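Open your viewer and keep the selection panel at hand.

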Amino acid sequence: MHHRISGHLFIISGPSGAGKGTLRKLLFERIPDLMFSISCTTRSPREGELDGVDYHFIDEASFRHMIAGGKFLEWAKVHDNYYGTLREDVERELRDRKNVILEIDVQGAHQVKSNCPGAIMIFVAPPSISELEKRLRQRGTEEETVLQVRLKNAIEEMDDSSFFDHLIVNDEVARAAKEMENIIHSYK
Ligand code: 5GP
């Protein structure tokens, strides 16, 4: 009989506005025993976001200190802010045979893959760039200049999808969430 010695590490990535966050939240409703790794960020909390729930909100000095201390499994500067995954949290959950979900940008996804070759990479793509722009505008959380940066980055990030194990086109949320659930369930 085979026993898994560790959980699976799933990386959900893709351009911002593609709907990674929405799909991830739906995923946790459907598969509650997954573990979400709460990232650190230097970005300010948005309305309704909670420290220690959505992110650990920290300042740039603390972030740099943690980089130097090797605290991050990966980190990246994304749209002018720093984001990083806490190494200790992820390693502990995997040792406990929990399946862990990272929701991170494409740069971070590549870093994790090179450190943890067994990680399963899932790319969430918008149906089109114009649809992505529409969604970013509807979300209304960013100023125009910030939105333009995110859009420009998104166009570049779309090229990365071929490095991923799975590609989900988020054309319709319920359908895409089901597809993500099926992918996770296919790894025993
Ligand atoms: P937002 O500011 O909209 O919450 O996130 C911006 C981007 O940073 C999103 O693509 C999000 O997935 C990504 N992100 C969130 N946490 C991390 C992290 O720990 N590492 C990396 N590399 N990206 C992250």
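The stops below cover the ligand, its contacts and its pocket.

This is a predicted model: local features need pLDDT of at least 70, side-chain atom pairs count only at pLDDT 80 or more, and totals for chains, interfaces and linings use all residues. Residues are numbered from 1 along each chain as its sequence is written, and side-chain values use heavy atoms, without hydrogens or water.

**Stop 1: the ligand.** Select the 16 residues around the ligand (a heavy atom within 4 Å). Ser 39, Arg 43, Tyr 55, Glu 74 and Tyr 83 come nearest. By class, this shell holds five nonpolar, four polar and seven charged residues.

**Stop 2: polar contacts.** Look for pairs of N or O atoms within 3.5 Å. Tyr 83 has a polar side-chain atom 2.5 Å from a ligand oxygen. For Thr 85, a polar side-chain atom lies 3.4 Å from an oxygen of the ligand. Glu 103 uses a backbone N or O atom, 3.5 Å from a ligand oxygen.

Stop 3: Where does the ligand sit? The ligand sits in the largest pocket (more than half of its atoms within 2 Å of the grid points). A pocket is an open set of points on a 1 Å grid over the protein atoms alone, where a 1.4 Å probe fits, with protein on both sides within 12 Å along at least five of seven lines. The largest pocket has about 880 Å³ of space. Among its 35 lining residues (an atom within 4 Å of a point), Gly 21, Arg 46, Tyr 55, Glu 103 and Arg 139 are closest to its centre.

Methods:
Polar contact = N/O pair within 3.5 Å; in protein donor to acceptor, adjacent residues only side chain to side chain. Nonpolar A, V, L, I, M, F, W, Y, C, P; charged D, E, K, R; others polar. Points joined across faces, edges and corners; volume = space filled by probe spheres on them.
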